Amino acid sequence: MDNNTEKDTDVILEVKDLKTYFKTGPHKVVKAVEGVNFSLRKGKVLGIIGESGSGKSVTARSILRIVESPGYIAGGEIRFKGQDILKLPEKEMKSIRGNEISMIFQDPTTSFNPYMTIGAQLAEAYNAHTPSGSEKAKQEIMRVLKLVGITNGEEVIKKYPCEFSAGFRQRIFIAMSMILYPDLLIADEPTTSLGITIQAEIIEALSEVQKQTGISIMIITHDFGVVSQFSDDIFVMYAGRCVESASKKDLLRNPKHPYTVGLIRSVPLLEARKTKRLKSIPGFPPDMSNVPEGCPFASRCEYAKDICHKEVPALKPVGEGHMCACHFPLDYDINEDTELG
Ligand SMILES: Nc1ncnc2c1ncn2[C@@H]1O[C@H](COP(=O)(O)OP(=O)(O)OP(=O)(O)O)[C@@H](O)[C@H]1O
């Protein structure tokens with residue numbers, strides 16, 4: 001039994017020193033997630049942001065224990081409601097998936113069976129864990145469809161996925177993910193394949209679901225606009241590591257890691273940036289099978305000094321609830337960025 005402290009009871013998910021590797025050759029290991037730490041507060045939204053290949057999806061899949069071979073979890077703890085789920089037998093984990101933790105993916109097209117009606121698929125998701133009469137299932141289907149703003153549920157359930165747009169399918173998929181009253185929803189790039197207007201609608205739908213149900217959400221994205229709009233807390237990933245985490249307010253106002261500053265400077269939609277020039281981060285993330293010594297961001301960092309190329313900086317507190325892995329955290333006020341003015 002775990003002895004939760006008062007503080008811990010506010011945390012639904014705590015990831016400690018998670019390592020997920022891929023053995024890609026006899027002497028080759030890709031360290032996709034290398035010692036990641038973060039927590040998600042109950043009823044809050046945590047945004048995980050980072051460029052492509054930084055390990056966001058692998059982190060999400062590790063939480064559900066669905067990392068596929070040659071991938072494996074090499075170490076760490078994943079505490080969900082106080083219990084380390086890495087220690088659970090697969091049978092118990094199966095019941096947690098969908099029932100307590102559900103996940104939505106980037107591409108709503110592949111999330112559905114094209115040959116089954118929406119109603120049949122929602123009923124199947126409901127009955128998978130909760131055998132029950134069809135009347136009850138139908139009530140629950142209507143409940144979740146309404147939750148995502150679909151009021152013509154009777155019509156929708158008779159149709160097939162191909163009869164709807166990608167955005168509407170994603171909305172239905174969010175509904176499906178909510179059918180078993182999960183406590184945690186992991187949304188992996190839920191808006192990436194959609195147009196700008198539809199993206200905003202999906203975020204709005206997720207936000208409505210969160211408000212109405214109080215569910216905890218972990219949203220993964222490479223779009224700072226999405227996290228700045230929707231998250232309570234933000235966790236920035238780079239090359240398989242956590243480089244900065246803080247409340248959204250702190251992170252956007254006073255980012256400490258040069259990578260976070262680079263990400264913020266490259267976003268066209270943030271209010272504070274509207275009138276300013278945009279700057280992309282020069283260079284590319286490292287090859288994950290051959291990450292150089294020292295801070296993985298050093299080769300792209302305009303502030304890097306000798307030590308940055310030699311020692312990996314530890315994740316350390318830089319303010320209340322604000323953590324940063326940098327040898328020289330910045331004292332940066334986003335509104336005083338004269339370089340961009
Ligand atoms: N099946 C695999 N085999 C080998 N390496 C893999 C595999 N899947 C992922 N990786 C490695 O893990 C790293 C992290 O991948 P991940 O999908 O988590 O990135 P991401 O941040 O979610 O990127 P994206 O935004 O493009 O989805 C990749 O750079 C890749 O090197």
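Two strands are taken to pair if DSSP finds at least two bridges between them. On that basis, the predicted model contains an open sheet of eight strands, in which the order is β6-β7-β8-β3-β9-β10-β12-β11 and the pairing is mixed. Because β6 (101-104) and β11 (316-319) stand at the edges and have a single partner strand each, one side of each is left without a neighbour in the sheet. On average, and with direction ignored, neighbouring strands of this sheet are turned by 20° against each other.

Within the sheet, strand β8 (residues 216-221) is joined by five bridges to strand β7 (residues 184-188), and the two run parallel; five bridges likewise join β3 to β8, again in a parallel arrangement. The chain passes from β7 to β8 by way of helix α7 (residues 196-213), in a β-α-β crossover that is right-handed. Opposite Ile219 of β8 stands Ala187, and Ile219 is also the bridge partner of Gly47, whereas Asp188 stands opposite Ile220 in β8.

Strand β8 is mostly covered, six of its six residues being buried. In a regular strand the side chains alternate between the two faces of the sheet. In β8 both faces are covered, with Ser216, Met218 and Ile220 buried on one side and Ile217, Ile219 and Thr221 buried on the other.

The ligand is surrounded by 15 residues, of which the closest are Ala32, Ser52, Gly53, Ser57 and Val58. Two or more residues of this shell are given by each of β1 (11-25), β2 (28-41) and α1 (56-63), and α1 gives the most, with three residues. By class, the shell around the ligand has nine polar, five nonpolar and one charged residues.

Notes
Residues numbered from 1 in each chain as written. Predicted model: local features only at pLDDT ≥ 70, side-chain atom pairs only at ≥ 80, totals over all residues. Near = placed C-beta within 6 Å. Helix = DSSP H or I, 4+ residues; strand = E, 2+ residues; numbered from the N terminus. Nonpolar A, V, L, I, M, F, W, Y, C, P; charged D, E, K, R; others polar. Axes fitted to C-alpha atoms, helices over the stretch in contact; angles between N-to-C directions. Buried ≥ 20, exposed ≤ 12 C-beta atoms within 10 Å, placed from the backbone. Right-handed = clockwise from strand over helix to strand, strands pointing away.
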